[in-house]
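Hello,

Here is the structure I said I would pass on. My notes on it follow below.

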Amino acid sequence: MLELKNITLSYGETPILRGVNLAVNKGDVVSIIGPSGTGKTTLLRCINYLAKPSSGTIVLDQHQMDYQSPNKATIQAIRLRTAMVFQQFNVFKNMTVLENVMDPLVVIQKKTKQQARDIAAQELERVGLGAKLDHYPSQLSGGQLQRTGIARALAVKPDVILFDEPTSSLDPELVGEVLKVIKDVTSSGITSLLVTHEMQFAKSVSNRIVFMDQGVVAAEGSPTEIFDNPASPRLAQFLNTEHAF
Ligand SMILES: Nc1ncnc2c1ncn2[C@@H]1O[C@H](COP(=O)(O)OP(=O)(O)O)[C@@H](O)[C@H]1O
Ligand SMILES: [Mg+2]
C-alpha cells in the first residue's frame, strides 16, 4: 500500500538518502533500525514531504508522485492519510491535552468542535489519559506527553502511522508505559512504520525489520532473520553495539 522507490536526498553537498527502496503492505508493522545519522528520520519525513527528495517516487494506494515533479494535491492527499509521532512530542504548550488532540480534527479535517471533542476524548481514553483531558502539557510527564502525541496521531484515523523514536526522549522509567500504548496501537492492525532503538520491542511487535545504513536499506527481513541470523557483518556489528547499552 505504501511504496518508496529509489529515494535520493542531499543536504547541501552531502548525500543523505542514496536510493532507498521500501515497500509496506497493509497491516504491516515495520521497524526501521540503524545507526544515528543514517537518514531514518529523513526517510519518514519524505513520506509527508517535510523533507524533499531530489528523485524517487512514492505510492500510497491510488496516490502516486514522482519527487522530481511534486504535486500539491498528492502531497495533501498523502498527508491526510498519514500521521507522525515525533521524538520530541510536539504538543502545543498553550492548549490542554484535549485541545491538542482536537486540533488536527478541526483545523485539517474540518470537523465540528463537538465531533472533534468526542473523537479526541475517545482516543485519549485509549492511551490511558481519560482523566487528564483538561491538563496542560506543563502538568504532564514525558510519558503522558508522548501518549498525547499518539492520541493526536490516532485521532485523524490515518492509514499509516509513523513513529520516529517515540521513546528516545523519555526518562527510562517512563519508556514502558509508552511502549505498552504503541504495542496496543500496532496490534490493532493499523499499518505502522516505527524508527526505534528498542531492539527487543522491535522484535516483539514487528513483522518486518529494515536496517538502514549510510543512506540505504542495507538489510531487511523477519525479526528472526535480522536479529537471530544477521546476514551481514555490518548488521551484526550494529546489533552488538545496540545490545551493549
Ligand atoms: N534539515 C537538515 N539540514 C541539514 N542536514 C540535515 C537536516 N536534517 C538532517 N540532516 C543530516 O542528515 C543526516 C541524517 O539525519 P537523520 O535523518 O536525522 O538521521 P537518523 O534519524 O537516522 O539519526 C544527519 O547527518 C543529519 O545531521
Ligand atoms: Mg532520527
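Tyr49 counts as partly exposed, because it has 18 C-beta neighbours inside 10 Å, and a residue needs 20 or more to be called buried. The residue sits in the loop between α1 and β4. Tyr49 is not a glycine, yet its phi is positive, at about 60°. Please bear in mind that this is a predicted model, so every value here is computed from predicted coordinates.

Lys157 is another case of this kind. Its phi is positive at about 50°, although Lys157 is not a glycine. The loop that holds Lys157 runs between α5 and β7 (160–164). Lys157 has 13 C-beta neighbours inside 10 Å and therefore counts as partly exposed.

Asp61 also takes a positive phi, near 50°. It belongs to the hairpin of β4 and β5, where 2 residues lie between the strands.

Four strands form an open sheet in the order β2-β1-β4-β5, and the pairing is antiparallel. At the edges are β2 (14–24) and β5 (63–66), each of which pairs on one side only. From one strand to the next, the twist averages 15°.

The pairings, taken one by one, are these:

- β1 (residues 2–11) and β2 run antiparallel and are joined by 8 bridges. Leu4 stands opposite Leu22 of β2.
- β1 and β4 also run antiparallel, with 5 bridges between them. The bridge partner of Lys5 is Thr57 in β4.
- β4 and β5 pair over 4 bridges, again in the antiparallel sense. Val59 has Gln64 of β5 as its bridge partner.

Ligand 1 is surrounded by Tyr11, Ile16, Ser36, Gly37, Thr38, Gly39, Lys40, Thr41 and Thr42. Which element gives the most residues to this shell? Helix α1 (residues 40–47) does, with 3. By type, the shell divides into 2 nonpolar, 6 polar and 1 charged residue.

Elsewhere in the chain, helix α3 (residues 97–107) has several buried residues: Val97, Leu98, Asn100, Val101, Met102 and Leu105. An α-helix has 3.6 residues a turn, so residues three or four places apart point the same way. The cover over the buried residues of α3 includes α4 (113–126) and α5 (142–155).

One residue of helix α5 is Arg152. Is Arg152 buried or exposed? It is buried, because 27 other C-beta atoms lie within 10 Å, and the cut-off is 20 or more. Leaving aside residues up to four places away in sequence, Arg152 touches Asn100, Val101 and Pro104. Of these, Asn100 and Val101 are among the buried residues of α3. Arg152 and Thr241 are 89 residues apart along the chain, and their C-alpha atoms are separated by 34 Å.

Last, the protein chain as a whole. Its secondary structure comes to 9 helices and 10 strands. A compact globule of 245 residues would have a radius of gyration near 18 Å, and the chain agrees with that, having 18 Å. Along the principal axes, the C-alpha atoms fill a box of roughly 50 × 45 × 35 Å. Of the 245 residues, 40% are buried. Among contacts with a separation of 6 or more, 64% are between residues 24 or more positions apart.

Regards

Technical notes: Residues numbered from 1 in each chain as written. Chains lettered and ligands numbered in written order. Predicted model: local features only at pLDDT ≥ 70, side-chain atom pairs only at ≥ 80, totals over all residues. Rg over C-alpha atoms; globule rule 2.2 N^0.38 Å. Buried ≥ 20, exposed ≤ 12 C-beta atoms within 10 Å, placed from the backbone. Contact = placed C-beta atoms within 7 Å. Near = placed C-beta within 6 Å. Nonpolar A, V, L, I, M, F, W, Y, C, P; charged D, E, K, R; others polar. Pairing = 2+ DSSP bridges. Axes fitted to C-alpha atoms, helices over the stretch in contact; angles between N-to-C directions.
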